[in-house]
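Student: I should like to learn how to read a structure such as this one. May we begin by looking at the sequence and the model together?

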Amino acid sequence: MIERSSTVSLTETGFGFIVFSLLLLQPAMGGFIGFLFLDLALLGLGLSLVNFALRGHIIARVKDKKSQAALFALVTMTANLGSAIGPLASNYIYKTFGQTLFVIVIVGLYVFSALLTPIVLTHHVFIRNEKSSKENTSSIVKTITDSLKSPGTVLAILAVFVGSIMNGQLLREWHWNSTRYPIAQS
């Protein structure tokens, strides 16, 4: 079903999940831990849908494999740059303007992105259509299970997962400690 949805509708759905989960985050943090887990899972689902739709859009619109690889690299570099800047910018916004404005800014950025999506993405682009289904009968589930059978792929996925966590945590901790213990005082 996901593969047969347009990339614009997948992206919009992903942004909807993200905004909804961010609006529920504060009540979820103050309540039952299971509610928080479900809220964060919804956030993760939204982020994954946006990422999946963007990559699917590139595959559907760009036929040259080298150009696809260049665009994927650009998307990855942009995401990594965002992961590096995010903790610093969010800490600054939170400390300067408080929690309410912080949430408004974050939700506002996602709403803006959702409004921009139908303008910048080509409409009626599908990750898989009837023609591609006949040409290539594999599915996302098959692709994932085949990838997980390769020890090298599993190690690469684990390395990216751990690296992403450590990258975000390192920058957040560095900023937090630098505000508590400024270098000029040490």
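Tutor: We shall proceed from the overall fold to single residues. This is a predicted model, in which local features need pLDDT of at least 70 and side-chain atom pairs count only at pLDDT 80 or more, while totals for chains, interfaces and linings use all residues. Residues are numbered from 1 along each chain as its sequence is written, and side-chain values use heavy atoms, with hydrogens and water left out.

Student: How many helices and strands are there in the protein chain?

Tutor: Helices (H or I, at least four residues) and strands (E, at least two) are DSSP runs, numbered from the N terminus. The protein chain has seven helices and zero strands, and its pattern along the sequence reads α-α-α-α-α-α-α.

Student: What span should helix 2 have, and what separates its end C-alpha atoms?

Tutor: The expected span of a helix is 1.5 Å times one less than its number of residues. Helix 2 covers residues 33-61, which is 29 residues, so it should span 42 Å; the end C-alpha atoms are 42 Å apart, in agreement.

Student: Which residues of helix 2 are buried?

Tutor: A residue is buried under 20% relative accessible area, exposed over 50% and partly exposed in between, using a 1.4 Å probe and protein chains only. An α-helix has 3.6 residues a turn, so residues three or four places apart point the same way. The buried residues of helix 2 include Leu36, Asp39, Leu43, Gly46, Val50 and Ala53. Contact means heavy atoms within 4.5 Å, and the buried residues of helix 2 pack against helix 1 (7-29) and helix 3 (65-97). Of the 186 residues of the protein chain, 20% count as buried.

Student: Which residues make up the largest nonpolar core?

Tutor: In soluble globular proteins, nonpolar side chains tend to be buried together. A nonpolar core is a set of buried Ala, Val, Leu, Ile, Met, Phe, Trp, Tyr and Cys residues joined through side-chain atoms within 4.5 Å. Here the largest one has eight residues: Phe15, Ile18, Val19, Leu22, Leu43, Val50, Val107 and Ala114. Helix 1, helix 2 and helix 4 (99-120) each give two or more residues to this core, and helix 1 supplies the largest share, four residues. Leaving aside residues up to four places away in sequence, Val19 touches Val107, Tyr110 and Val111.

Student: At what angle do the axes of helix 3 and helix 4 cross?

Tutor: Two packed helices are described by the angle between their axes and the distance between the axes. Axes are lines fitted to C-alpha atoms, for helices over the stretch in contact, and angles run from 0 to 180 degrees between N-to-C directions. The axes of helix 3 and helix 4 come within 7 Å and cross at roughly 140°. Helix 3 is therefore oblique to helix 4, since angles under 35 degrees count as roughly parallel, over 145 as roughly antiparallel, 65 to 115 as roughly perpendicular and the rest as oblique. Among the residues making this contact are Tyr94 and Phe97 of helix 3 and Gln99 and Phe102 of helix 4.

Student: Where is Gln26 placed, and which side chain does a polar contact join to that of Gln26?

Tutor: A polar contact is a pair of N or O atoms within 3.5 Å; within protein, one must be able to donate a hydrogen and the other to accept it, and residues adjacent in sequence count only if both atoms are side-chain atoms. Gln26 lies in helix 1 and is partly exposed, at 44% relative accessible area. A polar contact of 2.3 Å joins the side chains of Gln26 and Gln99.
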